[in-house]
Amino acid sequence: MQLRQVKVTRNEPTADATDKALLAATAKGDLAAFERLHQRYYGRINAFALRLTRRPELAEEVAGDTLMAVWKSAESFRGEAKPSTWILGIAYRMALRACRKAKRDALHDEIDDDLPAERTGSEEVETLFQRKAIAAAMERLSPEQRATVELTYFYGYRLTEIAEITGCPVGTVKTRMFHARARLRELLKGEA
């Protein structure tokens, strides 16, 4: 199985400067600045959280909790990292907590195994089965490994940025990626 890396356009220098200014204004209690941050980041955080939690209601909760944490702790942003890295770091920790809580509560996500009702060609069916196989394999990774794969292949972050987001050394990120790839190959070998 070959994961293909997707080039993702993230914050450009002007967006970083805008986000830094919005965070600084938010730190001073500027509700309008926070609303702009909310508009800029809610969808991205929700999509990231959904990939980690696999549950839409948890992803929405994580997105809301993350943005509330940004509102409350904007003054702690020191500008050492990009604003998006700092915010996704908060989202990552919130998503891990949500996953642990869901596991404690014995709530499990199920992958929808239903084929679309309309008729599909053999290529579409094969693609659908491949997506489901990858989704099922990703589900079996630990949340930390899944986050590393998601941040790399779906969000385009570099290892150093992932280390900042996850709050661990680059070596740990590399190890997680190594083990995640090996596990995905093992899980998908039977699917090929």
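Visitor: In which helix does Glu139 lie?
Guide: This is a predicted model, and the helix to look for is the one that spans residues 122-139. Glu139 belongs to that run of residues, which is helix H5.

Visitor: Is Glu139 buried, partly exposed or exposed?
Guide: A residue counts as buried under 20% relative accessible area and as exposed over 50%, with partly exposed in between. The relative accessible area of Glu139 is 26%, so Glu139 falls in the middle class and is partly exposed.

Visitor: How far apart are the C-alpha atoms of Glu139 and Thr53?
Guide: Along the chain, Glu139 and Thr53 are 86 residues apart. Thr53 has its place in helix H2, whereas Glu139 lies in helix H5.

Visitor: Which residues is Thr53 in contact with, leaving aside its neighbours within four places in sequence?
Guide: Thr53 has a relative accessible area of 7%, and because this is under 20% it counts as buried. Once the neighbours within four places are set aside, the contacts of Thr53 are Leu58, Ala59, Ala95, Ala98 and Cys99.

Visitor: How many disulfides does the count come to?
Guide: Cys99, one of the residues in contact with Thr53, is buried at 14% relative accessibility, and Cys168 is buried with a relative accessible area of 14%. A disulfide would call for a pair of cysteine sulfur atoms within 2.5 Å. By that rule, the number of disulfides is zero.

Visitor: Which residues touch the most other members of the largest nonpolar core?
Guide: This core holds 40 residues, and the elements that give it two or more residues are H1, H2, H3, H4, H6 and H7. The largest share comes from H4, with eleven residues. The members that touch the most others, however, are Ile45 and Phe48.

Visitor: What is Ile45 in contact with beyond its neighbours within four places in sequence?
Guide: Ile45 is a member of the largest nonpolar core, and a contact here requires heavy atoms within 4.5 Å. With the sequence neighbours left out, the partners of Ile45 are Ala63, Thr66, Leu67, Ile87, Leu88 and Ala91.

Visitor: How many residues make up the other core, which lies apart from the largest one?
Guide: Among the members of this other core are Leu141, Val149, Leu187 and Leu188. Val149 is also one of the buried residues of H6. The residues of this core number eleven.

Visitor: How many of the twelve residues of H6 are buried?
Guide: H6 is mostly covered, and its buried residues include Glu144, Gln145, Arg146 and Glu150 as well as Ala147, Leu151 and Tyr153. After the helix comes Gly156, with a positive phi near 75 degrees. Of the twelve residues of H6, the number buried is ten.

Visitor: Which residue follows H7 with a positive phi?
Guide: Within H7, the buried residues are Glu161, Ile162, Ala163, Ile165 and Thr166. The residue that follows this helix has a phi near 70 degrees, and it is Gly167.

Visitor: At what distance from the ring centre of Phe154 does Arg51 lie?
Guide: For a charge to sit over a ring, CZ of Arg must be within 6 Å of the ring centre and within 35 degrees of the ring normal. Arg51 lies over the face of Phe154, and its distance from the ring centre is 3.9 Å.

Visitor: What share of the residues of the chain counts as buried?
Guide: The chain has eight helices and zero strands, and its accessible surface comes to about 11,400 Å². Of its 192 residues, the buried share is 42%.

Key
Residues are numbered from 1 along each chain as its sequence is written. This is a predicted model: local features need pLDDT of at least 70, side-chain atom pairs count only at pLDDT 80 or more; totals for chains, interfaces and linings use all residues. Side-chain values use heavy atoms; hydrogens and water are left out. A nonpolar core is a set of buried Ala, Val, Leu, Ile, Met, Phe, Trp, Tyr and Cys residues joined through side-chain atoms within 4.5 Å. Buried means under 20% relative accessible area, exposed over 50%, partly exposed in between (1.4 Å probe, protein chains only). Helices (H or I, at least four residues) and strands (E, at least two) are DSSP runs, numbered from the N terminus. Accessible areas come from the Shrake-Rupley method with a 1.4 Å probe; for residues, only the protein chains shown count as cover.
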